[in-house]
Amino acid sequence: MSKGIARMMLVMLLLAVTLGSTTSCKSKKKLAREQAAKEYAMKVEQAKKDLYAIINDETSWSLDEKQRRVDTIKSWQLEDEEVKRLIELAEQKLAAERSQALRKAEEERLRKEEEERRKQSSNKYSVLENHFVAIAGAPSLSAANERIAQALQLFASPDVPVLIIISQVGGFNDYDRPTTIRRYLDWLKDHKVSPNRVEQAKYDSNGKITELELIKR
């Protein structure tokens, strides 16, 4: 083989290697772009699926879990108009759910406070309320009068005023016509029912009741 032919073959070999390398590089870039596009499309599809589930109440996720999911989708920064619109709707939905959850929590707190207050009130006035029930359910007139006499010992006088709350609206009480403890105990004896519980009572320095407020059960 002559030196000229050998040099030519070497040049052709180098050219073939260079062209092969360039083609391989272009192929890898194309694959990378295709893979990126595929991953992007999958994210868009998953984002729409999750956002629709949140908006349409089709998921068992907690409120915090739904918020974290929306935050994750937002972090993807998808340039898809439908996804952007769904994110807005989902955030409005979660804001409404959060507001409702706070309102329910507050209602539950107030309910428990009222329940505890009534429980404490019931225990505090249980002796007096037991007298009321015993008078109303007395088997005889003499038994009722005996129980009335016992109950009156808790009061400063038989003329202690008794106020009966018949309704409560907006923090204001609506009262029945005032009476005295003597008349109220006689009423229990005559009607044989005890429809009220003690709401509160005022006491003098001797521990005797000077004013009584009742409320319908």
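Mentor: What follows is a chat about confidence, a helix, some strands, ring pairs and a few loop residues.

Trainee: What am I looking at, and how are residues numbered?
Mentor: Residues are numbered from 1 along each chain as its sequence is written. This is a predicted model, where local features need pLDDT of at least 70, side-chain atom pairs count only at pLDDT 80 or more, totals for chains, interfaces and linings use all residues, and side-chain values use heavy atoms, with hydrogens and water left out.

Trainee: What does the chain average in pLDDT?
Mentor: The average is 90, and 90% of the residues score at least 70. That score is the predictor's confidence in each residue, from 0 to 100.

Trainee: Where in the chain is confidence lowest, and where highest?
Mentor: Helix α1 (residues 3-55) has the lowest confidence, with a mean of 81, while α6 has the highest, at 97. Helices here are DSSP runs of H or I with at least four residues, strands are runs of E with at least two, and both are numbered from the N terminus.

Trainee: Let's take α6, then. Which residues of this helix are buried?
Mentor: In α6 (residues 181-191) they are I181, Y184, L185, L188 and K189. Buried means under 20% relative accessible area, exposed over 50%, and partly exposed in between, with a 1.4 Å probe and protein chains only.

Trainee: How are they arranged around the axis?
Mentor: Looking down the axis of α6, the buried residues fall within an arc of 145 degrees, so they line one face of the helix. The arc is taken from the directions from the helix axis to the C-beta atoms. The face turned away from that buried side carries the exposed residues R183 and D190.

Trainee: What covers the buried residues of α6?
Mentor: The cover includes the helices α4 (126-136) and α5 (141-152), plus the strands β1 (161-169), β3 (179-180), β4 (196-203) and β5 (209-216). Contact here means heavy atoms within 4.5 Å.

Trainee: What are the cut-offs for a pair?
Mentor: Rings of Phe, Tyr and Trp (its six-membered ring) pair if their centres lie within 6.5 Å; planes under 30 degrees apart count as stacked, over 60 as edge-to-face and the rest as tilted.

Trainee: Are F132 and Y184 buried or exposed?
Mentor: Both are buried. Y184 also forms a stacked pair with W187, at 6.3 Å centre to centre and 10 degrees between the planes. Y184 and W187 are three residues apart in helix α6, which means about one helical turn separates them. Y184 has a relative accessible area of 3%, whereas W187 is partly exposed at 34%. Ring pairs link F132, Y184 and W187 into a cluster.

Trainee: Switching to strands, how do β1 and β5 run?
Mentor: β1 and β5 run parallel, joined by four bridges. I165 stands opposite I215 in β5. Two strands count as paired if DSSP finds at least two bridges between them.

Trainee: And β4 with β5?
Mentor: Those run antiparallel, with seven bridges joining them. Q200 has E213 in β5 as its bridge partner. Their hairpin has five residues between the strands, and there G207 takes a positive phi near 80 degrees.

Trainee: How far is G207 from A156?
Mentor: They are 51 residues apart in sequence and 8.5 Å apart in space, C-alpha to C-alpha. G207 is partly exposed, with a relative accessible area of 43%.

Trainee: Which residues other than glycine have a positive phi?
Mentor: D57 is one of them, with phi near 55 degrees, and D57 lies in the loop between α1 and α2. Q77 also has a phi near 55 degrees, and Q77 is in the loop between α2 and α3. Just after α6, K192 takes a positive phi of about 55 degrees. Most residues other than glycine have a negative phi.

Trainee: Last one: what does D80 touch?
Mentor: Not counting residues up to four places away in sequence, D80 touches Y40, V44 and K48. D80 sits in the loop between α2 (63-76) and α3 (81-124), and D80 is buried at 19% relative accessible area.
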